[in-house]
Structure formats: C-alpha cells, structure tokens
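Here are some questions about the terms used for this structure. Each answer sets a value against its definition.

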Amino acid sequence: MNRIYIFLTVFLLLSGMMVNAQTPAPTYHTKNKKSIASYQEAELLQQQRRWNEAITILDAILQKDTGFVEAYFKAGAMQMAMGNKAAAKKYFCKGSDLDPNVKGFAGAYYTAGELSYNDGEYVKAKRYFGYALAVHPNDKKILEQSPVYITRCDYAIEMMKHPVDFKPVLMPASINSSFAQSHPVLTADGKTLYYTTLAGLSRQDDENIVVSTFKDGAWSAPQTISDNINTKDNEGTCSVSMDGNSLVFVGCGRPDGRGSCDLYLSKRVNGVWSKPVNLGPSINSTSWDSHPSLSADGRTLYFVSARAGGYGKEDIYVSHLNEDGAWSDAINAGNAINTPGTEFSPFIHADGTTLYFSSNGLLGMGGLDLFYTKGMDTSWTAPVNMGYPLNTNLNDETLFITVDGTKGYYSRFDGQNVNYNSRIFLYEFDMPASFKPAKLSTYTQGHIYDKQTKKGLGARVELIDLASGKVTQSVLSDSITGEYTIVITEGKEYALFVNRVNYLFESLNFNYIKPSSFNPQTLDVYLTPILAGSRVALNNIFFETNSFVLEDKSKIELDKLISFIQLNPKLKIELSGYTDNVGSAEANMKLSNNRAKAVYDYLLAHNIKATSIVYKGYGASNPVADNATEEGRQKNRRLEIKIL
C-alpha cells in the first residue's frame, strides 16, 4: 500500500475536502435533516480527535440511514487514522458500492481497492480500482496506479485458479517458542537448523540466532548459537556454509559497524564459534546491509543492501572470497532480478545456480512474493513466481531448500491462529516439483586423516568440474577433527582433490553425469606424508581406450601434479603405469609404459625438469582390486606417483 497516498486520502476525508469540495456548501446522499445534524456533530468530535465518539454517532446514523455514503467514508477515514484497517475497509467498501459514480469520491474508491488488495480480495479490489478510473479523476496517482493494480489483480486471480501442490506443516512448538522465528537455514545433512528469534513474546525483545539439532526423530529445543555471537544488540538473519563451519550474520548497532546493520563472519573450529569479524568495506556500506546467503562452500556471498546506486531501495549484491582470503568488492546482481521495488532474502541453493529471493517489484500476489531464477553473479534468467498458495497477499519473504531439493523451510506471519496470537512461525513442507532446483544435489561428508598417525588434519578439499575446469566447491576441513562436507550436483563429472603441505595430494573421481544412485556418502581420506617410498594414485588421468593418448579432461590433474612438483622441487618422482590383466603381458607392459611416458612428456612440455621425474610401466602387476570385475579392472588401470 502507498502509505503517503493513504495518509493524504485520510487527511482529506477527515477535513471534509473530498466531498464535493468545489461547492461552497456540502451536499449529502441523504435528505434526512436529523442524520445530517448528527453527521455534523460527528465532524466536530472528529476535529477534537474524539474519533471513537464520532464513529459511534456515525454508526448510529448508518443503522437507520443506510445510504448515507459520506458517513461511511468519514467513519472509514477515522478508523484508518487509528490504524484499524480491517474496520476501515468495511466502511470504504460499503460506501463505494453504494455510489461508484462520484468524481469527488475517487480517492475513497482507490483506498477501498488498496485495502481489499492488501487483504487478498482481488476480485473486489479490481472492482474498486475500476470505480476510481471510471469517474475520470484529476489525480495522477490514481490514473497511473489503478491500471497497475488491476493487472496485479488479474494475475493473482489467475494464479489462484492454478494452485501449486503446497502443504506447509507448522514446525514443533519447541521451535516456534518466541514471538517471531525467521530465516531458517540447515546444514547439508539436514540435522542442524539455525534461525533468528526474538527472545520473548513481543516485537521489542532482543533478536538472536539460535540452533536446534535433529536427533531421534525430533528437533531439540533451540539454544543460543554462541555467546561469542549473540549480544545485547540485535543479531539478525544468518547463513551457514553446508559444512556448518562458516557463519555470516547481521549485527546491528555494533561499535565496529559501518552502517545501521553490517555483515559479520564467524568460523567454527572443533565445535566453537570464533569471535565475529566485520566483513569490511568490500561488503558493508554506510547504509543497511543484511540478509546474507552463503554458497555451499562459503566462498560466494549474496546479500541485500540499501546503499545508493542500485535499482531500488533494497537490492541484491554478490561478492566472492579470493584466494588470499579477502572478499571481492560487492557488485549489484543486476536488473534481471533487482527492481525499483524491494528485493529481500536471497538464498543460493547448494547447486550454486538456483537463486530464490523475495520481491515486491515483480508481478505477484501482493506484498513480497517468492521467486526463483537461474544463473550466477549478474547473469540471471527471468524470475519465476513460485505460485499460490506459497505466495499470498502477505509478505512471503524467507525460504530455504535442502540440498537434495526434497524439503523446504520458511517463515510466515500467522494472523489467524488464535492459539498463537498472530506471531511469525517456521514451517516445513515437501517440495512441489515446480519449486525444485533443476538438478539434484547431494553431499559427501567425512574426515581428512594423517595416514600414519590417524589424526585429523586441516586440508583444502576442492571439487572441480572436469569438463570446464571450474572449481565448484572449495572447503577447509576442521583443523582439529579433520571433518569436511562437500556438496555435489548431478549432471557432471568431478575431480576431488585434497591438498596439504608436506603431504601427497589425494585425487578421487565422481562421475555423476547420469548417476544410477545419488545418495549422501561418507568418505574418509587418508593423506600420505611425503617420504621416500610413499605413493598415491592419480585417479583423474584418462586415456583413450587401449591407447596412451591423454584425454583433455586429464589436464586438471596434470596441472595439479605440475603445481605439486613446483612446490616440492627437491623431490624425485616416479610415474608408475599399471593395467588390468586383460590381454597379453607384453601388450600390457608396453601400454603401461607408454601411458607413463605420455604423462612424463606432458610434464616436460610444461617446464618440469627431466631430473625431477622418471617413468616406468608395470603392466598388470600389483593389482589393487579384483580383476574378475569391471569395477576392479578399472581401478587397476591407473597411474601412480611414487617418491624415490
């Protein structure tokens, strides 16, 4: 609703200027002198701001003089002035329907339309905006905005004819224990829930971040996330990386803040959240910065800012974490998603390419609606409204979708549940097909250990798309426990690399172009210290069938090997080729030797000194798996590096 316009409408009605204002004496929709006298008495009470008394008199008039249009509008205006919009709407709608043909009532018709629209009564709203236009008012606002509202009403009416399969379920009372619960986020395994609450049962209570865990089929009572994070000031919307180790949240009124609200980063090490750090001028402005959403690996950040230079009052921005640990200067995510209106609550799904957000600047059901789009950074497809009844006439603002796309979580104002006194609650729901990300995602979770000591290690874990060479995930395992989580999206073949100084790097291959199963998996990785005799397989070196010609996708691992040798220039490495047992021993020996030499030649062509490497083929010797199965034979066809 345009509050300025409504204020002017109410002001003019209260002052008696909208009823035949161009005539020296008012005319009324009644000839009853007693009704007119009582109406004028109500006007005197209104001037004294004795609005309840005035409305009582007007109600008494309308019980008998039911066609007294001016009395309806006068009572409606005073109800609006007192903030009683529901009562005001009844008066404005009744008066408008009694006589929709008075030019001087155009503002009242328009107000009836806005109040009806805001309550989701789209058919009625369309009628009242039609009344306002039909009398040909001189008001530019009415002339410009009424057609816009009518278009919105038509859209909403059509959406309601085709509802999506959406059945939200109120989360347990232990979760919904405060006045307001909002902006839910979960870790990849779906077992840890973070969200924002007010500390009590009123809007004036302190806002904090809480955490709940799912165990034995139930969510635990929420606990404060950490005394390092929650303070006496407000801590708002948060976002957590999928491994649960990076948290970006909103802190307001802090001593180190740049604006009214800033974004802060905290890291979790061995279960303890660090003291938050302001993300600095590359992210935060002197304006309001809020509503963060981290990518699955915590290296891309979408957020909302009210800074100058955008397309609307609040826009979505994006920043990336550089290799040096600093965030790039935030840039506007572009006018494909940002509008002259308000954009709130971006959520980048774990697939890294599906962005959900809320907006009141796009065609919707009224207020803020939820939309989704595909792309990244500043390049996005046209946003799609997520439909009724997920979107309603209320502000539908927050949404989180699990890694696998099967569950959704969101918060909604509940003004009708008398048991909960019109508060804001968290809901969960099964994802309708139309809402789901285009591709499924899952996760791999485990630990990085020292192969000899079996102690946890902090290491860099990278997931690389073999087709594009792009790093799609990059996380650090916990420096104490070695725990890590990587999110994987279907439709691609990936190389997984685990790197740590003074250790051989480990490589694994995941082919999810057409996965037969796509379930979460546990994968512990044991890093081998760099010692004489240490060896490790290179699982992302590929050759054409029965050939020693390297496939293009091998370049990713070959370049990793080059970097490893350059970082360890004193090492001497053997490239060891192996085959399965299919074919003659002589042919296998020759093939394994030629494949090792192909890698050797690649390294020499990329400035690796011949004194650092040797190569040798071992044929079908030293199998690491059973040659009786294709899976086993595939593992035996390998290239290893060995420290000499």
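Q: How do you know that strand β33 is joined to β34, and in which direction do they run?
A: Two strands pair if DSSP finds at least two bridges between them. Five bridges join β33 (residues 573–578) to β34, and these strands run parallel, so they meet the definition of a pair. In this part of the sheet, S576 stands opposite K616 in β34. The model is predicted: local features need pLDDT of at least 70, side-chain atom pairs count only at pLDDT 80 or more, and totals for chains, interfaces and linings use all residues. Residues are numbered from 1 along each chain as its sequence is written, and side-chain values use heavy atoms, without hydrogens and water.

Q: What makes β32 and β34 edge strands?
A: Four strands form an open sheet in the order β32-β35-β33-β34, with mixed pairing. β32 (535–538) and β34 (613–617) each have a single partner strand, so one side of each is left without a neighbour in the sheet.

Q: Why is T111 called buried?
A: Buried means under 20% relative accessible area (exposed is over 50%, partly exposed in between; 1.4 Å probe, protein chains only). T111 has a relative accessible area of 0%, so T111 is buried.

Q: Where does T111 lie?
A: T111 lies in helix α6 (residues 106–118); helices are DSSP runs of H or I with at least four residues, and strands are runs of E with at least two, numbered from the N terminus.
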